[in-house]
Amino acid sequence: MSATVPFTRRRFIEVTLSAAGGLLVTLHTDAEAGAFGDSSEAISLNAFVEISRDGRVTIVAPAPEIGQGVRTALPMIVAEELCVPWAEVRVAQAEADGRYGPMAVGGSDSVAEYWPLLRRAGAVARERLIAAAAQRWNVEPGSCYAERGQVIHRSTRRALPYGELVEAAATLPSPERVPLKDPTDYQIVGKATQRIDLREIVTGTALYGFDVEMPGQFVATVARCPVQGGRVKSFDAAGALAVPGVHQVVEIQPLVVDNDFYGAVRGGVAVIAKDSWAAIRGREALRIAWEEGPHADDSTERVRQRFAELKKKPGKTVVRAAENANDEERAGNRQLEAEYELPLIGHACMEPMCFTADARPDRCELWGPTQNPRALRAYVASALGLPVEAVKVRLTLEGGGFGRRLSYDYGVEAAMVSRAAGVPVKVLWTREDDLQHDYYRTPSYHVMRVGLGPEGEVLHWYHHVLTAPLRVHAQGTGVDHPELYDMEGAANLFYGIPNIRVEYTPVEIGLQMGSWRSVSHSFNVFAVESFVDEIAGEVGADPLALRRKLLGKPREVQLALPLPGRRGRPAWDTGLLRRVLDTAAEKAGWGTPLPAGWGRGIACCYFKRTYAAHVAEVSVGKEGRVRVHRVVAAIDCGLVVNPDGVAAQMEGSVMDGVASVLHWEISHDRGRIQQSNFHDFPLLRITEAPRVETHILPSDRPPAGTGEPPYPSVAPAIANAIYAATGTRIRRLPISAGVQPSPRGKAASGL
């Protein structure tokens, strides 16, 4: 945890009042106290751009920073069109407000979604400044241009800095149409740029949720039923109140607003104390009787039994099928079958959940990390019976998100605890709270089958996916089949196989599921890309050559699937997939010799409009211990705003991919999660980290996402490399028990 930085109400008010014209400014991204707005008035040109009379430029980052680098990348887009030197830009984090667009960060959409809006925001501000200069000089605006924070009259070379123009510019109307810069003229976008908050992060002065301190603030921990869905039957607070420092003990009732489970509060007993130590000790001293609810007998073993029973039946829903895809018998003269299983996984953010709230009868202010600030604001308003305008949500940095903080239950919980206690409260989740009350990635089971022709051609593809439905995402959206969110990466199979049939069966589990990095791609791509490797072994083909053959000639493909929203209209370019495959293979030296006992594996993935491929090199020791030595990654994510940020996402994806293969599994028994901390849900150790090489392919397509697309093909590349090294086929993750070599050509099932 970083060192505490006092975040006082006074400091906040000082910063806010400095923002003339209603521009929201919350947390500075540099450590210079009062750096913004202290010496001169600042003027807004639109919601994203503010310039002071002495020329200082502040750009608002509209999306939360969860480590993906958008607090740098998004302002870079504005600065590019505004024509200001990046080194002279200050960045401020927006608070929850409709003026900043969706604000939710998920699905790797931040840069892609904000790209057109922020380009226009920067260009509009620039054109208003140019118009102000032209007015001052009594010339046509078209005779002027902007460059390095000033407007220049082309023929006379007269120049005026933005600071001298901003007051007049603010009185001019925003133009309806503005020219956007040609990408060939970019000075900022496309240049590797250090994170704007890097110095604060590495020096421990960055402000995270745990660091927030408010005047009069108390700290709370909440005792929740160990079985999800359970609730308090009765409790005795005497022991907790006897702990020095404990202030109050209050019960929090379960709450779901408008059937929206993103913010559903589980309920429990909150111990409110002067500090975290007293709050934790007080919680330990509580005596609580739980009504454990309907899931008290659920377990990982029972889930596996359900998988075993349901996999024998046809899928509940046919998600994709060619007209003659039912005719499996005629599809090929031989079949290959395999089954894969991936476990329940938690998010394990380095910073556990936390939020600080000051809930009063007529208003509520919240501070903390969330991927979904506007939704949290609306939910808290409903929960507390306040108008949305009476709720403020201000953002800190986030010590990891990975989809966990799309659910904002912990923010709503903080508001409810503060309302019940009548004081400002910071609600802290311990590591144990975090792992045992998560919104988990679903476990999944995959039944795979192909029909092969006499020459080894793949004629028919069958994939039956079984998961615990990710219904949390679709409550109240009117989606007919919300569970089909779990089908991305399977339904949009990008290989050109004549007959494709993909089915789905939901499996009920007494745990709450949620988004996890790349969501369903994280398990479906593992099954698909592992099975393609098995096909290559079956027909005696090189895994890379088979993938290239299955992709076919470069072409654009679009499907219509019964999935929600744009997920139902996936489109891809097989030529771009071949390009990332070829790049990864070439850079990795595909086909060149490796040391004895080593293996090399390849896999690829398509996620929305981003293409990625990985080649992994591994060795397996005598005791079955797998060592991932090297991973080569290639990505085509369209036009790149910040190559440094893209490379960081690719590197982080590899680390998560390795950890998911070697370690990650959450299990439960009697409804209780069995893991509690990093000793039994370990993150990847430095000694286990491979050498990572990243290759970003140039593109003139609009920017696409990079946070999630580089993850799904890491694990199958490693599994395929293990097979190449040992002959053992990995069909179940993780492989924490190690791998035992099998005779070459005889794939050993992990199931």
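How far is the sulfur of Cys364 from the closest cysteine sulfur? It lies 15 Å away, in Cys354, which is too far for a bond.

This is a predicted model, where local features need pLDDT of at least 70, side-chain atom pairs count only at pLDDT 80 or more, and totals for chains, interfaces and linings use all residues. Residues are numbered from 1 along each chain as its sequence is written, and side-chain values use heavy atoms, with hydrogens and water left out.

View A. A disulfide is a covalent bond between the sulfur atoms of two cysteines. Here it is called when a pair of cysteine sulfur atoms is within 2.5 Å. The count by this rule is 0 disulfides. For Cys604, the closest cysteine sulfur is in Cys605, at 7.7 Å, so that pair is too far for a bond. Cys364 is buried, at 0% relative accessible area. Cys604 is buried too, with a value of 0%. Buried means under 20% relative accessible area, exposed over 50%, and partly exposed in between (1.4 Å probe, protein chains only).

**View B. Arg148 in a loop between strands.** Arg148 sits between strand 5 (144-147) and strand 6 (150-153). Helices (H or I, at least four residues) and strands (E, at least two) are DSSP runs, numbered from the N terminus. Phi of Arg148 is positive, near 50°, and the residue is not a glycine. Arg148 is exposed, at 59% relative accessibility.

View C. The loop joins strand 23 (499-506) and helix 13 (521-539). Val519 is not a glycine, yet its phi is positive, about 50°.

**View D. The cis peptide bond at Pro734.** The bond from Leu733 to Pro734 is cis, with omega near -5°. Pro734 belongs to the segment after helix 17 (714-726).
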